[in-house]
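Here is a briefing on one chain, for a reader who wants the layout before the details. Please keep the sequence and the coordinates open alongside it.

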Amino acid sequence: METHPDIVDMRARHEMAERATATPRAQAVETMALLTGLYLAASPWIAGFNGLSRLAVTNLIVGIAYALLMSGGFGRAYERTHSMAWAACALGAWTIVAPWVVAGDVSTTRSIVNNIIVGAIALLLALAASAAAREPRSAGSNRMR
């Protein structure tokens, strides 16, 4: 049973995902992404634009979703980690455009600046996580040949 091709493949994917998340760089990206998501969720009250209720609720929901996606708690397999990083990229891009899409007429500069900066950081961290998830796969596939 130990030499069954499916078990060998599953073990290789698990080891590859462990290598991707065990590096100091990946752990730093994961930690910064978690903090970015938590800040995004709390940013309406920290930056002082909680009067824009739709944008405040959007930032709260997107921030929690981003923190959960990027914390790595839901997927340690390569495919899930890589897919979650791309979903987090979408959340970062959404954060950048949310003041105009959700709030319509944005009345405070704080909400715009906050969302653009946090969205850009979230997008960059998600791209870094995606790159980190992709690196071991190419190295692992070369070793198997």
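## Briefing: fold, cores and confidence

Val 113 sits in helix α5. The model is predicted. The chain holds 5 helices and 0 strands. Mean pLDDT is 78.

**Overall layout**

- Along the sequence, the pattern reads α-α-α-α-α.
- The chain has 145 residues, and 40% of them are buried.
- The chain exposes about 8100 Å². Carbon and sulfur atoms supply 66% of that area.
- An unreviewed UniProt entry places the feature "transmembrane region" at residues 28–46, 52–72, 84–103 and 115–133.

- A pLDDT of 70 or more is reached by 68% of the residues.
- Which helix has the lowest confidence, and which the highest? Helix α1 (residues 5–22) is lowest, at a mean of 63, and α3 is highest, at 91.
- Residues 136–145 stay under 50 in pLDDT. For this stretch the model has 7 contacts beyond four places in sequence.
- Where pLDDT is low, the predicted coordinates should not be read in detail.

**Helix α2 and its bend**

- Residues 28–46 are 100% helix and 0% strand. The end C-alpha atoms of this stretch are 24 Å apart.
- Where does α2 bend? Helix α2 covers residues 24–47 and bends by about 50° at Ala 41.
- A proline, Pro 44, follows the bend within four residues.
- The buried residues of α2 include Ala 26, Val 29, Ala 33, Thr 36, Gly 37 and Leu 40. Ala 41, Ser 43, Pro 44 and Ala 47 are also on that list.
- In an α-helix, residues three or four places apart point the same way, because there are 3.6 residues a turn.
- Gly 48 follows α2, and its phi is positive, near 85°.

- Ser 43 belongs to helix α2. Is Ser 43 buried or exposed? Ser 43 counts as buried because its relative accessibility is 0%.
- Leaving out residues up to four places away in sequence, Ser 43 touches Gly 48, Phe 49, Asn 59 and Asn 114.
- Trp 45 is also placed in helix α2. Its relative accessibility is 48%, so Trp 45 counts as partly exposed; the cut-off for exposed is over 50%.
- With residues up to four places away again left out, Trp 45 touches Asn 50 and Ala 56.
- Trp 45 and Ala 56 are 11 residues apart along the chain, and their C-alpha atoms are separated by 8.2 Å.

**Nonpolar cores**

- The largest nonpolar core has 15 residues. Ala 33, Tyr 66, Met 70, Ala 88, Leu 125, Ala 126 and Ala 129 touch the most other members.
- Helices α2, α3 (53–70), α4 (78–101) and α5 (109–144) each supply at least two residues of this core.
- Which helix gives the most to this core? Helix α5 does, with 5 residues.
- Another core, of 6 residues, lies apart from the largest one. Phe 49, Leu 52, Leu 55 and Ala 98 are among its members.
- Ala 33 touches Tyr 66, Met 70 and Leu 125, with residues up to four places away in sequence not counted.

**Leu 69 in α3**

- Leu 69 is part of helix α3.
- Beyond its neighbours within four places in sequence, Leu 69 is in contact with Met 84, Ala 87, Ala 88 and Leu 91.
- Leu 69 and Leu 91 are 22 residues apart in sequence. In space they are 9.9 Å apart, C-alpha to C-alpha.

- Val 113 has 41% relative accessibility, so it counts as partly exposed.
- From Val 113 to Ile 96 the C-alpha distance is 9.0 Å, and the two are 17 residues apart in sequence.
- Ala 120 is in helix α5 too. Ala 120 is partly exposed because its relative accessible area is 30%.
- Ala 120 and Cys 89 are 31 residues apart along the chain. Their C-alpha atoms are separated by 9.5 Å.

Definitions and conventions: Residues numbered from 1 in each chain as written. Predicted model: local features only at pLDDT ≥ 70, side-chain atom pairs only at ≥ 80, totals over all residues. Heavy atoms only, no water. UniProt positions renumbered as here; feature names shortened; annotations may be inferred. Bend = angle between axes of the 7 residues up to and from the residue. Buried < 20%, exposed > 50% of the residue type's maximum accessible area, 1.4 Å probe, protein only. Core = buried A, V, L, I, M, F, W, Y, C linked by side-chain atoms within 4.5 Å. Contact = heavy atoms within 4.5 Å. Areas by Shrake-Rupley, 256 points an atom, 1.4 Å probe, with all protein chains shown as cover. pLDDT = per-residue confidence, 0-100.
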